[in-house]
Amino acid sequence: MTEKLEFDPLLDDPATRVLVCCGSGGVGKTTTAAALALRAAERGRRVVVLTIDPARRLAQSLGLRELDNHPREVVVEGFEPKGELFAMMLDMRRTFDDMVLTHAGRDRADQILSNPFYQTISSSFSGTQEYMAMEKLGQLVAQDEWDLIIVDTPPSRSALDFLDAPQRLSTVLDGKFIRMLSAPARASGRGLLKIVGTGFSLFTRAVSTIVGGQLLQDASTFVQAFDSMFGGFRERAQRTYELLRSPGTGFVVVAAAEPDALREASYFVERLSAENMPLCGLVANRTHPVIATDLPAAKALAAADDLDRSGEAPLAAAVLRLHADRVAVADREKRLLARFTRAHPGVSLVGVPALPADVHDLDGLREIGRRLAGE
């Protein structure tokens, strides 16, 4: 039998320092992260929640006008938690800029920040958002100001991209192609030709024709300025990766009780297991359980048909049909979750019944927290 995922012992345990909520987009992952952070703060911990979701509704639900790249304490009239709650929203470009300013030195940082090639990769390069989420997590842990850090990871439809992003980004930036782009300046023009001959000159002219001479020059200048930071990229990525595998970290996979979402959740669970990441369990979000009743869907539909034929009690017939629909949805969700648990019998699970309306305030987050805790 699948164990129930118990959140309150996890949130109360001082050994739990980082919780990572992961899952595909649209399954309620951001709301789950915020609800867990609120509940942990109300139970006495000093918590910061890092979200990737730019939607203003999360800030509004926390009682804040907006979130930015630095932790902001949630101070709202009537909200008096035993602990403290901070929230922030990842600003990918700002995090990249701050990293450059911290590790490159003022003069070199100015050279990097003003480079058009850097301005392009820092805002739109594949994997940059995931890498910066890891970078920001590493910064928060290093500050050692919070009992618990809860991370809402970037949505991914096919894999835990944020685990791959640090290596992928550093590999590209340190790759042969970009190193070749920077070779002319590093070899000081004519010196290069003496080393590699005219073949490289033909190569650079060909690349210039394809990507543009100015872009080639910008890339070359960027790599020279960024050269001293390559090692730091890899070292920080490795430290954060090891942090994610440590006993103080826990992963929470969030999914809807839908075929596609559960298939992706299976992939997440398998990937986390392959990476030896500590998995807490699965949150089956927005489920539709039926209040205990002995009336099956088929009998409810038959009774509704009888009432329709007699022309009596149309409201009762409508209620019976609504009940039959809810039972059918609940049965379908049970079958899907049973299939998941058969495939992953060791994964703890908690179902979170859907709310009648979207979460838009602390009370809504608090109710989600209660449902996560099985109350």
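Residues are numbered from 1 along each chain as its sequence is written, and side-chain values use heavy atoms, without hydrogens and water. Because the model is predicted, local features need pLDDT of at least 70 and side-chain atom pairs count only at pLDDT 80 or more, whereas totals for chains, interfaces and linings use all residues.

Visitor: How are α15 and α16 oriented to each other?

Guide: The axes of α15 (residues 297–310) and α16 (residues 314–343) come within 8 Å and cross at roughly 160°. Axes are lines fitted to C-alpha atoms over the stretch in contact, with angles from 0 to 180 degrees between N-to-C directions. Angles over 145 degrees count as roughly antiparallel. The two helices α15 and α16 are therefore roughly antiparallel.

Visitor: Is Thr30 buried or exposed?

Guide: Thr30 is found in helix α2, and beyond its neighbours within four places in sequence its contacts (heavy atoms within 4.5 Å) are Thr51, Asp53, Leu58 and Asp152. Buried means under 20% relative accessible area, and exposed over 50%, with a 1.4 Å probe and protein chains only. At a relative accessible area of 11%, Thr30 is therefore buried.

Conventions. Parallel < 35°, antiparallel > 145°, perpendicular 65-115°, else oblique.
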